[in-house]
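Welcome! Have a look at the structure below, and then we can go through it together, one question at a time.

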Amino acid sequence: MEAVDTGLVFEWLGPLRLLAVVGFVALAGWLSWQGLADGMSRGRRVVLMTLRLLSTGLVALLILGPALEHRQLESRQSRVAVVVDASQSMQINDDGKTRAQRVVEFLAAQSAQLQKINSAHGLLSFQFAEQLTEVSAGELGRSSAGKRTDLRTAISALAELSGEGDLVAAFLISDGADTAHLSHGMTGADLAPDFAELLASLSFPISTLAVGTHAPFVDLAIAEVASDDFAFVRNAVELEVTVSATGLGKLSIPVSLEQGGRSLTTTMVHLTGSGVAKASLRFVPDEVGNFAYQVKVPILDGEALTDNNQHSFVTRIIRDKMRILHVVGRPSWDQRFLREVFERDPNLDLVSFYILRSTVDAPGVGEQELSLIPFPVRQLFGSELNTFDAVIFQNFNHAPYDVGYYLPQIADYVRGGGAFCMIGGDLSFGAGGYGHSPIEQILPIQLELGSDWHKEEVRAVLTEAGIRHPITDFGGGNPFEQLPPLDSFNLAMRVDPAATVLLAHPFERIGRGRAPLVAIREVGRGRSAAVLTDGTWRWRFRAGAGEGSRPYQRFWSNMLRWLIRDPAMRSVSLRMSQARFGPGEKVSVHLRQRGVEMSGPMRVDLLRTPGEEQVASQSVLLAEDGTATVEFAAPGSGAYLAKLVADGDPGSPSAAEPFVVEGGNIEFGQPAPRPDLLAAIAEKTGGVFASLGEANLIDLPLDGKVRSRVVASTTRPLLEKIWFLMLLLALLAAEWWIRRRWGFS
Amino acid sequence: MICSGNWLSITDKSPVNTESLAPSALGSIGKDTRLRLWWACVFLLIFCADAAGQAPFAANQQLQVGWLPCAQAQSPRSGGVRQLAWELVKRTSVEAQMEPVEVDPASPDLFRTPFLIWSCAGPVAELSETALSNLHRFLILGGFLLADDPEASPGSDFDKSFRHILAKLLPGQKLRRLTPDHVLFRTFFLIRQSAGRVSRSDLLGVEIADRLAVLYSGNDLLGALSKDHFGNWEHACEPGGELQREASFRLGINIVFYSLCLGYKNDAVHLPFILRRRRL
């Protein structure tokens, strides 16, 4: 449909030119008026002035170039946009059907009306989640995988699309559960000013159709867990958990934190009318590494969604400094040289207590003349015990200092993830009264009752296990062959079946094997070591050139790091490409092996935690440099463990790393429909708000203004220049003739 | 050997002594028999003690002092070392061998005794290149050398010869005065200054990697501790008398504790206690 439109235009009109013309006309008029003779009558003056102004006006028109423009106009087809929510919250099952299914049904029921609208205006189909995407009409409502609901971004994109003005209406079909800019506090009464401004600027009405409002929505969800990506071992970590409840009224529920199926802490949260409450969970990690944690709330009757009742995340637990408690029964060279190793390690926070005066010593002076301090047994082995990464008893007999009362706590501390090392001497092991004590239960050896210390030179022999163990494997060769003999040893009664002997006596035997000089053991979640000599200082302080103190320092440094499970001491390590994955994302597991040869085929298993149910497995082929990468498709949402398994070699070192697959927790954190928000959008734009089942698309308001566009235009100058100039000359000549006739110059 | 290692504990320290065992364990035996057994035990202990005294090197948990050679005669201060060891055992938890052992600085056995004393009536012995190299390594690796001038006279033969050897041992290093805030003055006793048979000079020392490796006393510290075989003090302490002798024992014990514990008393946990007692 076409129409013609004609209008006056000025070809040369521009701001500066217009200003210059106005100035010229004003100046010319003022000069003309001033130039008229004083004795001239008013009538004559008006006549002359008129002629001069006409001349000036003609000059001005000459400059501006007036013209007539003829435009051919074509009416534009108006458009109506149907915009459907495609976020994951549309998967929520409300009363038997998902929200997305209800949209599909509604659009199918409204197909006749959509046809009519399409015929009259043209129909545009969009879906939105994080952003607006144009889709075919048949795809509407079929997808609901978007990770966020972002209404503002979708409406901004619609505003840009309607820039040429052919959009006459938008029908927005959504649950309104915005999880982006409008997730908090955006109701009809308090829309954010910038969002309200955006809505007011739209040239078309948005009618909103709410999904999921036909039945009461009941859900309890963990909306958010604020946690850091890393934390320090043995330091309290605090998590802030936001819990949201819909349709549940006031209630108190427990919020718990778990790791690998083990409950770490629980707190109660009290939900009031607002439906949102925050809870703080505090725990103290006791091990270094990457760990998957789960925050959980109970599943209540009638909940629309149960996946959002737990949230998994991975935190890297790192060590600030190794905190070591070093208790020494008597100053000795063994303690002196070990202290030097500790002092030189910048990553070590050493707390030492040496018994400088036993209960039977008599210094002969008062306490005020001594530098001795009380041995804070209760503090060290009571409240402070769990702050230490490792406890070392060096030639320390517990009995005179009432430490015996705390031996069960020390044993529990080790089983719970701590580390303990006993170093020999005439006050240690059996000689120190540890036989049949709780400490014996965590040591790698069983003890004689009574003195087991022998002052005899003995050269330590590296065992088969010691050759490839990270404590005694210094990278090639057997350094212990070159080291001086030890001065003494404590003779164990038996080696615990769970222990590994790294260094042994060359000929002294207990049971079927050699008497251990250095033995280690895993105890529960912790580790223990027995160094059955007080003579390792001889490895440090020795004659001759060569490696000097390096073997001694490496031995003790390796020992400490093994005890505290330093990840750097692992002979095999796994590393995930990232800690969190989305559904279907590629999960890359990088494997690195050092020091030891893994025998037999290996594989990486993906295990769902807790429970360690295997969900995937792949064999591993190591490259020459000892590395390999294995890839999996991310399984369903939840916490998992990637675990290296060496088939046929149970003694091979293992490694495992946790990761989390997020299944749309952001959307399910606040899944309740937001009809108030949708109603506010409709009101601000002149649209209509209705529940999905109650609406009829054909009845929704459109913008009635006719949209058209210029198809073609022609411009014809209003005055031909020659005629224009002749008229100007005629006017000037007339003015001159009249003035002369009236007797003026 | 285990017996010799524990002899001092049994006689001087152990709360479980033979007297307390006698009534219960030996109650059913006749009086004469008990007396014979008693003497048998005493002889056994004396034998064990004698065996310990003759051992070339101490059991691990007994501090053994090494004695460096002199140019002319045996050092006159071995009695001071014996008395210091006796006081250490009596007053502290440290177990010490009574007799110092003479060590050859050129021998690998030097490294069995990380605590060395050099104190000569005349000049110290000249050292071979091997001995110098060995002693240098000894100090670098963590050994401790106490030099004590029996003449207590600056410019004495011992003083000159020791400084000459020290310049060869640790070139570029000089003896420096220990300030009163040095940890050595609070390793066991809280003391404020140097002491010895005389009280003329401060303690001097050479540090290696923030650790005192060489300590020089110009006050004849061991002379103040020396007793003759009748139990009499060999030398009078001047000008402070017996108080000065007690100060010398405390300094000697502190020196031993420094060599064993290094900066232990600089640990933060000790400082509030030490500062409070210093103020008293």
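Q: Which residues does Leu209(A) touch, not counting residues up to four places away in sequence?
A: This is a predicted model, in which local features need pLDDT of at least 70, side-chain atom pairs count only at pLDDT 80 or more, and totals for chains, interfaces and linings use all residues. Residues are numbered from 1 along each chain as its sequence is written, chains are lettered from A and ligands numbered from 1 in the order in which they are written, and side-chain values use heavy atoms, with hydrogens and water left out. Contact means heavy atoms within 4.5 Å. By that rule, the residues touched by Leu209(A) are Phe106(A), Leu172(A), Ile173(A), Ser174(A), Leu678(A), Ala690(A), Leu692(A), Ala695(A), Leu697(A) and Leu700(A).

Q: Is Leu209(A) buried or exposed?
A: Leu209(A) lies in strand 9 (residues 206-210) of chain A; helices (H or I, at least four residues) and strands (E, at least two) are DSSP runs, numbered from the N terminus. Buried means under 20% relative accessible area, exposed over 50%, and partly exposed in between (1.4 Å probe, protein chains only). With a relative accessible area of 0%, Leu209(A) is therefore buried.

Q: What separates the C-alpha atoms of Leu209(A) and Ala682(A)?
A: Along the chain, these two residues are 473 residues apart.

Q: How many of the seven residues of strand 18 of chain A are buried?
A: Strand 18 (residues 322-328) pairs with strand 19 (residues 348-354) of chain A in the parallel sense, over seven bridges; two strands pair if DSSP finds at least two bridges between them. Met322(A) stands opposite Leu348(A) in strand 19 of chain A. Strand 18 is mostly covered, and its count of buried residues is six.

Q: How many bridges join strand 32 of chain A to strand 35 of chain A?
A: Both strands belong to an open sheet of three strands with the order 30-32-35 and antiparallel pairing. Leu591(A) stands opposite Ala628(A) in strand 35 of chain A. Strand 32 (residues 586-593) and strand 35 run antiparallel, and the number of bridges joining them is seven.

Q: Are helix 7 of chain A and helix 8 of chain B parallel or oblique to each other?
A: The axes of helix 7 (residues 333-344) of chain A and helix 8 (residues 241-261) of chain B come within 7 Å and cross at roughly 55°. Axes are lines fitted to C-alpha atoms, for helices over the stretch in contact, and angles run from 0 to 180 degrees between N-to-C directions. Angles under 35 degrees count as roughly parallel, over 145 as roughly antiparallel, 65 to 115 as roughly perpendicular and the rest as oblique. The two helices are therefore oblique.

Q: Which residues of helix 8 of chain B make the contact with helix 7 of chain A?
A: On the side of chain A, helix 7 contributes Trp333(A), Gln335(A), Arg336(A) and Arg339(A). From helix 8 of chain B come Ser259(B), Leu260(B) and Cys261(B).

Q: At roughly what angle do the axes of helix 4 and helix 8 of chain B cross?
A: Helix 4 (residues 78-91) and helix 8 of chain B have axes that come within 10 Å. The two helices are roughly perpendicular to each other. Their contact includes Leu84(B) of helix 4 and Phe249(B) of helix 8. The crossing angle is roughly 80°.

Q: Which residue does a cis peptide bond join to Glu238(B)?
A: Most residues other than glycine have a negative phi, and most peptide bonds are trans. In this bond, omega is about 5°.

Q: What is the relative accessible area of Asp402(A)?
A: Asp402(A) is found in the loop between strand 20 (390-394) and helix 9 (407-415) of chain A. Its phi is positive, about 60°, although Asp402(A) is not a glycine. Asp402(A) is exposed, with a relative accessible area of 60%.
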